[in-house]
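Please read this briefing alongside the sequence and the coordinates.

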Amino acid sequence: MSFEPNLVGFLCNWCSYTGADLAGTARVKYPPNLKVIRVMCSGRVDPNFILDALARGADGVLVCGCHPGDCHYVEGNYKCQRRLPITRMLVGEMGIDPRRVRLEWVSASEGVRFGEVVSEFTEEIRSLGPLALQEWAFDPAAADAQLAHQGGEHA
Amino acid sequence: MPKVNITVDGRPIEVEEGSYVLQAAEALGIDIPTLCFFKYVKPYAACRICVVEARDKRGRTRMVTACNYPASEGIEILTRTPRVMAARRLNLEMLMSRCASMPVLTALAGKLGIDQPRWGTGTDTCILCGLCVRVCDEIVGAQALGFASRGIDRFVTTPFEVDSDACILCGACAALCPTGHIRMEEAGGRDVVHSEITLGPNAAIAVPFRQAVPNAPRIDPDFCVHFRTGGCKVCAAVCPKECISHDDVERFEDLEVGTVVLATGYQDFDPTPMKQYGYGRLPNVITSMEFERMNNAAGSTGGKILMENGKEPGAIAILHCIGSRDQNAHPYCSRVCCMYALKFAHLVKEKTSAEVYQLYIDLRAFGKGYEEFFHRILEEGVNVIRGKGAEIVRGGKEYPEGTLLVRCEDTLAAKFREIPVDMVVLCTALEANHDAKDVARRFGISVGADGWFIERHPKLGPVSTTTDGVFLAGVCQSPKDIPDAVAQGSGAAAQAMSLMIRGEVEMDGAYAVIDDEVCSGCRLCNDLCPYSAIGFDETKKTSSVNPALCKACGTCAAGCPSGAIRALHFADEQIYAEIEGILS
């Protein structure tokens, strides 16, 4: 059986979630791998959510928000835009390929684009393979030792 | 001004002291003929036709000119005595010796009983009343006219008798000239302000068009004399209600409102880039809006359907779906065109004897009574061709001059057709305003791919938007016809009213709360909040959220290093539970 990535998506209520809705009503075809969690704003996405999702077995996490300047909450997406690269650095240091965490802007009218983003992300994670977190990843001391030894998943 | 009592032809009247006798007579409805009087410039008593007898309190009688004789207590004015009539005749005869053939003079001569002026009949056209000179100086402020020379050689001219830049071509002199001596001519590349443009009113102050809302005149500062010279303001002097202000300027006002209804409408699709239709290149190819304007009784042709040469067309083609249902322009259906195109056909049939061709892709007569109207059109003998107009070209030599050929594929007859017509109406698409995106951004709502504002929900929230208190009405949301726009507008107004009439806003219970016990007082969240809903309590050294200001985005909750902020309905544990749920 081929590998089916298990993906978690955090979609902002106003743009991306509506865009995903539009993808549905427009019958846009995209892989069913992404499981969506609705948040009011991409600014609500706590980096801990991403780490938690990866720890619980997600192979990748997609965060979608409004295009810059279009945020329903004025600037929540800018906060997300600053948090996500740091989160990606963080998961990189944990030995996880940062490509498994992705931020995309999807507006309420971009149902087709949402489908494309999901398809593309699914294919990328499929090519990266399943995220294999080792036991040591959950034990700080062991993780330090392993990281010193291996230098990360794709080092 | 103190009031004085005078009598005119025995009738008493109370007037302001120093006001002119002519005005008192006018107020009493007594006609005193005059050639050189204009209410808004100082009287000059040049024509001397307005002579009357004035008798003061001591009984002394004098001949005076009514236009500039000031009223004083107790004077008696006599306007029709034999002496007055004789003086008027004399004065008029002298004017006629200079210029006899002017209609205004001959008419007056008839009234005063002059058959043959005693000192001959002159051929000049100017009576030297000086109205033009005075209006140019006092009202317009241009001072472009003056008298030159003296005595019988006196005449009106521009400074140094040359074409003068001092003249602003306003036409006030020509409008006031009693004899028609002054004419306006365009020369040296300068445009006359009040030139005859047939497409609409172009006076400096006018109602823009008949059905304008608000239906009030407006001043066009490009043409108004006041804005060129600082003078005039005659309109303000004439207006009895003192409505006219020349100092009013465009300004931005901040209004504090509770609800907003967006009804920004649409813009018309410009068919010029679609070269195949020749709009702007071929004669008598017009858009639906231009046809509508021409068809309007208050329009340029007074409601007549005419070609550029002023003749009635013999055949008209109406092309549907120009710019809509077109992958090269807008993919959507503009929704209103089918029905107005049928209306056009009906109007053409009603007003002219022209053949009408409708070229359509699909006829969408979806509304109440619309299908019936379509059948009525068919009975009226309109040629309805299923096939989109593909191209418009000039007819060859075998056709009369000016013939246009509309090429299309008649998909029902399965053949190519070339229809000779005299006029083509392009039913252009409704298009989202070019700045719709900026407006949407300003109100925190979104626009779709076509530029129309997105409603809260396509079925359950077609009037409201994702921003509370902002509603949509009309075509700005999507193309719709008048009944639909009215329905949506009524809905928007009702929803806005229901919010306002309550006087208080219901929150949906989603907001952030900060746990005092956990908050470290770092104030990181204070700056994260775009609504300044988070304040800092200096005594407790903790932050707290004002639930009325909080819009529940949760950015603070995600940023709190202590995890002290709980975004209600989207709390951490709820989202963790969701993650756990979908990954288990």
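The model is a predicted one, and side-chain atom pairs count in it only at pLDDT 80 or more.

- B:E398 and B:V513 are 115 residues apart in sequence, and their C-alpha atoms are 83 Å apart in space.
- B:E398 itself sits in the loop between β16 (389–394) and β17 (404–410) of chain B, where B:E398 is exposed, with a relative accessible area of 66%.

**Cysteines**

- The disulfide joins A:C15 to A:C66, with a sulfur-to-sulfur distance of 2.4 Å.
- The two cysteines of this pair are 51 residues apart and link distant parts of the chain, since A:C15 lies in the loop between β1 (7–12) and α1 (16–25) of chain A, and A:C66 in the loop between β3 (60–65) and α3 (76–93) of chain A.
- The torsion about the S-S bond of A:C15 and A:C66 is about 100°, and the disulfide is therefore right-handed.
- Both A:C15 and A:C66 are buried.
- B:C235, by contrast, is in no disulfide, and the nearest cysteine sulfur, which belongs to B:C224, is 6.0 Å away.
- For B:C476 the closest cysteine sulfur is in B:C337 at 18 Å, which is too far for a bond, and B:C476 is buried, with a relative accessible area of 3%.

**Salt bridges**

- In chain A, the side chains of A:R102 and A:E120 meet in a salt bridge, with an N to O distance of 3.3 Å.
- Because A:R102 lies in strand β4 (residues 101–105) and A:E120 in helix α4 (residues 111–128) of chain A, this pair ties together parts that are 18 residues apart in sequence.
- A:R102 counts as buried at 11% relative accessibility, whereas A:E120 is partly exposed, with a relative accessible area of 47%.
- A:R102 and A:E120 also belong to a network of salt bridges in which A:E104, A:E110, A:R113 and A:E124 are linked with them.
- In chain B, a salt bridge forms between B:R83 and B:E53, whose closest N and O atoms are 3.2 Å apart.
- The pair links distant parts of the chain, with B:R83 in helix α2 and B:E53 in strand β3 (residues 51–55) of chain B, 30 residues apart.
- B:R83 is partly exposed, with a relative accessible area of 44%, while B:E53 counts as buried at 8% relative accessibility.
- A further salt bridge in chain B is formed by B:E538 and B:R523, with the closest N and O atoms 3.8 Å apart.
- B:E538 lies in the loop between β23 (534–537) and β24 (542–545) of chain B and B:R523 in the loop between β22 (512–514) and α13 (524–528) of chain B, so the pair ties together parts that are 15 residues apart in sequence.
- B:E538 counts as partly exposed at 47% relative accessibility, and B:R523 is partly exposed with a relative accessible area of 39%.

**Polar contacts of buried residues**

- B:H320, which is placed in strand β13 (residues 315–322) of chain B, is buried, with a relative accessible area of 1%, and the side chains of B:H320 and B:Q358 are joined by a polar contact of 2.5 Å.
- B:T65 is found in strand β4 (residues 61–65) of chain B and is buried, with a relative accessible area of 6%, and the side chain of B:T65 makes a polar contact of 2.6 Å with the side chain of B:N68.

**Nonpolar surface**

- B:L90, B:M94 and B:W119 make a nonpolar surface patch of about 290 Å².
- Of these residues, B:M94 has its place in helix α2 (residues 82–96) of chain B and is partly exposed, with a relative accessible area of 43%.

Notes:
Residues are numbered from 1 along each chain as its sequence is written. Chains are lettered from A and ligands numbered from 1 in the order in which they are written. This is a predicted model: local features need pLDDT of at least 70, side-chain atom pairs count only at pLDDT 80 or more; totals for chains, interfaces and linings use all residues. Side-chain values use heavy atoms; hydrogens and water are left out. A disulfide is a pair of cysteine sulfur atoms within 2.5 Å. Helices (H or I, at least four residues) and strands (E, at least two) are DSSP runs, numbered from the N terminus. Buried means under 20% relative accessible area, exposed over 50%, partly exposed in between (1.4 Å probe, protein chains only). Patches are made of residues with over 30% relative accessible area and no salt bridge: like charges are joined within 9 Å, nonpolar side chains (Val, Leu, Ile, Met, Phe, Trp, Tyr) within 5 Å. Accessible areas come from the Shrake-Rupley method with a 1.4 Å probe; for residues, only the protein chains shown count as cover. A salt bridge is a side-chain nitrogen of Lys or Arg within 4 Å of a carboxyl oxygen of Asp or Glu. A polar contact is a pair of N or O atoms within 3.5 Å; within protein, one must be able to donate a hydrogen and the other to accept it, and residues adjacent in sequence count only if both atoms are side-chain atoms.
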